[in-house]
Amino acid sequence: MRVPARVFADEKLLSAIRGDRSLEQLANVACLPGIVEASLAMPDIHQGYGFPVGGIAATAPPDGVVSPGGVGYDVNCGVRLLAAPLTADELGEAREHVVHEISRQVPAGSGKGGALALRGPELDRVLADGPRALLGRGIGTEEDVLLTESEGRLEGADPDAVSERARSRGADQLGTMGSGNHFVEVQRVDEVRDPEAAAAYGLREGQVTVLIHSGSRGLGHQVCTDFVKRMDAALGRHGIELPDRQLSCAPLESDDGRAYLGAMAAAANFAWANRHAIAHGVREAIGQALGRGAAEGTCQVYDVAHNVAKLEEHAGRTVCVHRKGATRAFPPGSADVPERYRNVGQPVFIPGSMGTSSWVLAGRAGSMERSFGTVCHGAGRQLSRTGARKRIQGAALRRELEEQGIVVRCPSNRGLAEEAPFAYKEVEKVVSVVERAGLAVPVVRLRPLGVIKG
Amino acid sequence: LFRWVEHTGELELEIEADSRRGVFEQAFEAIRELLAEDPGGPEQTREMSLSAPDGPALLVEWLSELAFLGETEGLVPVGISELRLGERELSGEIVARRAHPPHLVKGATYHRLTLERTDEGWRATVVLDV
């Protein structure tokens, strides 16, 4: 290990964390060339592949590396929150109609249509410019773009570094959710903890919100596949030895490193455009169910990435911050936070599990001092997919959720069972650790009204 | 024989077979099981030609290619009609049905990747990102 490994957790969470290989993976990350300060993990850490999910690693030039596995296959998987101009009481029984319309407008993407099919120069524009490239098609607004992390566009995106195979895998998938743990959830603001920040974010008690969780779909998956293979083959040439082959990496300033950063940035821009297109589908659904006024009054709160590598300034030097299942959480005053949120800090969204609450947080100065401006990204799994299926059948879970008043649209009972609430840690405990560590503060709690899964 | 081993976040595939070829055949069956939620349409064939720096990486390529065909062409694997397996290359032809398989497999990873001979035969482990 070149640096220590450090976990943000309390005793109880640490006990759960010790139940899988995540700490071993965290220690492996500490062996990466050029890693600085520590290999860090958030309280939602769980076993991944190579990097643990919930892991953070900052590397510094000239020796520092970039690792595609430290970003993951779903480049810029992330979440976007929309706020509708009505309360849950005002929505009333229409929520089932809204959930149904969203399930029609936002396909999972497995060959069932509904996606934006982009080719050649159109796809190149999305890869280079992100969601801004879709504004001319009447998809989303300029304000949506401004209220997106990095304004939905990573510098240095290189469409030419994205392989034809990646393009063919993702070109027909823009505006689709994907499967696994991706979802669109209709919610209500259940509790306001920080009225000033809530007001700045445009959130009030009882309000209806929509949380979108998706990523770069097959395009990003293939970018990671291509570069893990390329860097694995080049490890000897770069003189790098690793404890795990999936940590394959290349120096930031090498041809391999630069090519990956260009391709990853393009895939990240594609992911922001994907969530932008999904948000458009959500607005269309709200329009169908509740009228144009409700659709036009549905505003974007923010959009954050939780699988990405970014060059950032920390403690007076440029580092490449890998966030693998972790969210940027810049504090009040940061120039990278949109002007309207600059007094209260960057919004961060922490989805819980189906049937439990999610949280909106605001970044705090402690994150810059202790975690390279980063917090957790969710509740964190604690039970395997097969383990979840052994404990409950999808149909039974569907009934349980519906008995709680949650409308469920999910074509796969198997997929539903795998995402059962008990498969995840308690999101309140995770948020509490982040708050006590001074990384972020809770702003509002969100409770599910309906969920659409791929 | 293949089985899914407990893994908190992803799917860990463990395979035991009499031969190295048997490992690749069982990996095919595992992907078939994952993607076959839909009976699909008429059978089609696809030629395969893959290479990698070593045997374990070739197994990753094989799984990745099957997932890629499922995602880009909606092909659910049904059977292997021909398989020529070298140390670092693979070619042959598979039979598949066109359907709407879930986009489940994001990638086949190199994490704790093994393909090795044992006293009983051959054994492999691959973690899939799902």
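Trainee: In which strand of chain B is the place of B:G92, and what makes B:G92 count as buried rather than exposed?

Mentor: In this predicted model, B:G92 is placed in strand β5 of chain B, which covers residues 89–98. Its relative accessible area is 8%, and since buried means under 20% relative accessible area, B:G92 is therefore classed as buried.

Trainee: Which residues is B:G92 in contact with, leaving aside its neighbours within four places in sequence?

Mentor: With those neighbours set aside, B:G92 is in contact with B:R46, B:E47 and B:M48, and also with B:E82, B:L83 and B:R84. As for B:I15, the C-alpha atoms of B:G92 and B:I15 are 21 Å apart in space, while the two residues are 77 residues apart in sequence.

Trainee: Turning to chain A, why does A:S214 count as buried?

Mentor: A:S214, which lies in strand β7 (residues 207–214) of chain A, has a relative accessibility of 0%; the cut-off for buried is under 20%, so A:S214 counts as buried.

Trainee: What makes the approach of the side chains of A:S214 and A:N274 a polar contact?

Mentor: The distance given for this side-chain pair is 3.3 Å, and a polar contact asks for N or O atoms within 3.5 Å, one able to donate a hydrogen and the other to accept it; the pair is accordingly listed as a polar contact. A:N274 is also among the residues that A:S214 touches beyond four places in sequence, others including A:C77, A:T176, A:H182 and A:I278.

Trainee: Why are helices α4 and α10 of chain A called oblique to each other?

Mentor: Helix α4 (residues 95–105) and helix α10 (residues 255–290) of chain A pack at about 140 degrees, with their axes 8 Å apart. Roughly perpendicular covers 65 to 115 degrees and roughly antiparallel begins over 145, so α4(A) and α10(A) are oblique to each other. The residues of their contact divide into seven nonpolar, four polar and two charged, and α4(A) passes α10(A) in a right-handed crossing.

Trainee: How do you know whether α5(A) is roughly parallel or roughly perpendicular to α10(A)?

Mentor: Helix α5 (residues 120–129) of chain A packs against α10(A) at an angle of about 100 degrees, with the axes 6 Å apart. That angle belongs to the range from 65 to 115 degrees, which means that α5(A) is roughly perpendicular to α10(A). On the α5(A) side the contact is made by A:L123, A:V126, A:L127, A:A128 and A:D129, and on the α10(A) side by A:A265, A:A266, A:N269, A:F270 and A:A273; these residues divide into eight nonpolar, one polar and one charged.

Key:
Residues numbered from 1 in each chain as written. Chains lettered and ligands numbered in written order. Predicted model: local features only at pLDDT ≥ 70, side-chain atom pairs only at ≥ 80, totals over all residues. Heavy atoms only, no water. Axes fitted to C-alpha atoms, helices over the stretch in contact; angles between N-to-C directions. Helix = DSSP H or I, 4+ residues; strand = E, 2+ residues; numbered from the N terminus. Parallel < 35°, antiparallel > 145°, perpendicular 65-115°, else oblique. Left-handed = near helix turned anticlockwise from the far one by under 90°. Nonpolar A, V, L, I, M, F, W, Y, C, P; charged D, E, K, R; others polar. Buried < 20%, exposed > 50% of the residue type's maximum accessible area, 1.4 Å probe, protein only. Contact = heavy atoms within 4.5 Å.
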